[in-house]
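Please walk through the structure below, moving from its strand pairing to its charged side chains and then to a backbone detail.

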Amino acid sequence: MTLLPEANPAGALGNQLTAALGTLGIGVGASGGSGGAGVSTIFERLRVTIGSAAFAELLQERHGLLQRVYASQWDAELHEWKRPPPEKGWGVHYSRLLGFSTEWLPPSAESLSQYLRSSIRFTKEIDGPFVVVTFSHPDRVFAYQLLNLVYSEADSLLRDQDRVEAERRREYLEAQLRTATNVDMRQALTAVLTSELRREMLLRSDFPYAARVIEAPFVLERPEAPKVRTLLMLPIIVALLASSAVLTLIFVFRE
């Protein structure tokens with residue numbers, strides 16, 4: 001999927017509101033979290049949201065995504081997670097020596113958030129502002145469905161959050177306008193309120209919110225080949241871990 005990230009209209013509007021009312025000596029206490037300095041963009045919020053535990057809980061509640069991602073561990077007949085046999089061998093003892101828990105836990109929202117955070121990749125193109133979003137999985141159909149689902153749900157969630165903030169700001173402005181008597185103050189409030197109403201109207205549309213979809217998701221015709229760097233580094237990492245484990249066991253048994 002290729003996306004064109006949108007700017008942060010909420011941040012820009014928050015700055016406009018603060019500047020317009022600040023000149024009249026009015027502090028804005030209801031501008032909301034998205035109406036700050038505009039340092040982050042909606043697209044950056046989208047990336048953080050996709051990897052959050054709260055978003056994983058939402059996906060599980062609406063779509064039962066845990067049972068699809070970890071299908072091999074789910075018993076559909078008993079409607080429960082399959083408990084694996086107890087692990088044995090030096091790896092378990094080594095983990096315990098290092099203080100790691102070896103207790104089995106069923107997949108959770110935290111597991112799903114870590115999976116999405118590590119599996120969905122965002123790559124910015126060098127020659128432009130576009131971002132390519134990829135997700136790899138052996139099941140081509142599932143890969144296509146998950147990427148579509150995750151993006152649409154995260155985009156809708158951000159839209160809903162900002163819609164609530166926009167309603168709060170509108171209510172605040174309307175309350176200020178009802179009590180304002182100064183002509184300049186009323187004009188400033190009316191101008192900002194008009195912008196806020198326009199934004200609230202846009203938030204009620206069905207257009208993509210965090211980014212414009214330049215190229216819809218598609219599945220590669222052939223599986224992606226492993227990168228050469230990964231193929232070269234994997235044996236080295238395994239060898240280093242094995243050497244570290246052996247040295248630790250030798251040290252422990254000598255003691």
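## Strands, salt bridges and a loop residue

In this predicted model, strand β1, which covers residues 2-5, is joined by 2 bridges to strand β5, which covers residues 131-135, and these two strands run antiparallel. Within that pairing, L3 stands opposite V131 in β5. Strand β1 is also joined to β6, in this case by 4 bridges and again in an antiparallel arrangement, and there the bridge partner of P5 is A211 of β6. Strand β1 therefore has both β5 and β6 as pairing partners, since two strands count as paired if at least two bridges are found between them.

One of the salt bridges is formed by the side chains of R204 and E167, with a distance of 3.1 Å from N to O. This pair links distant parts of the chain, since R204 sits in the loop between α8 (183-203) and β6 (211-215), whereas E167 belongs to helix α7 (residues 140-179), and the two residues are 37 residues apart. E167 has a relative accessible area of 24% and is therefore classed as partly exposed, because that class lies between the limits of 20% for buried and 50% for exposed.

R204 also meets E200 through their side chains, in a salt bridge of 3.2 Å from N to O, and E200, at 7% relative accessibility, counts as buried. Within helix α7, R170 and E174 lie 4 residues apart, about one turn of the helix, and their side chains meet in a salt bridge of 3.5 Å from N to O. Through salt bridges that share partners, E167, R170, E174, E200 and R204 are joined into one network.

The last stop is a backbone detail at H79, which has a positive phi of about 55° although this residue is not a glycine. H79 is placed in the loop between β2 (74-75) and β3 (80-81). With a relative accessible area of 60%, H79 is exposed, because the class begins over 50%.

Key
Residues are numbered from 1 along each chain as its sequence is written. This is a predicted model: local features need pLDDT of at least 70, side-chain atom pairs count only at pLDDT 80 or more; totals for chains, interfaces and linings use all residues. Side-chain values use heavy atoms; hydrogens and water are left out. A salt bridge is a side-chain nitrogen of Lys or Arg within 4 Å of a carboxyl oxygen of Asp or Glu. Buried means under 20% relative accessible area, exposed over 50%, partly exposed in between (1.4 Å probe, protein chains only).
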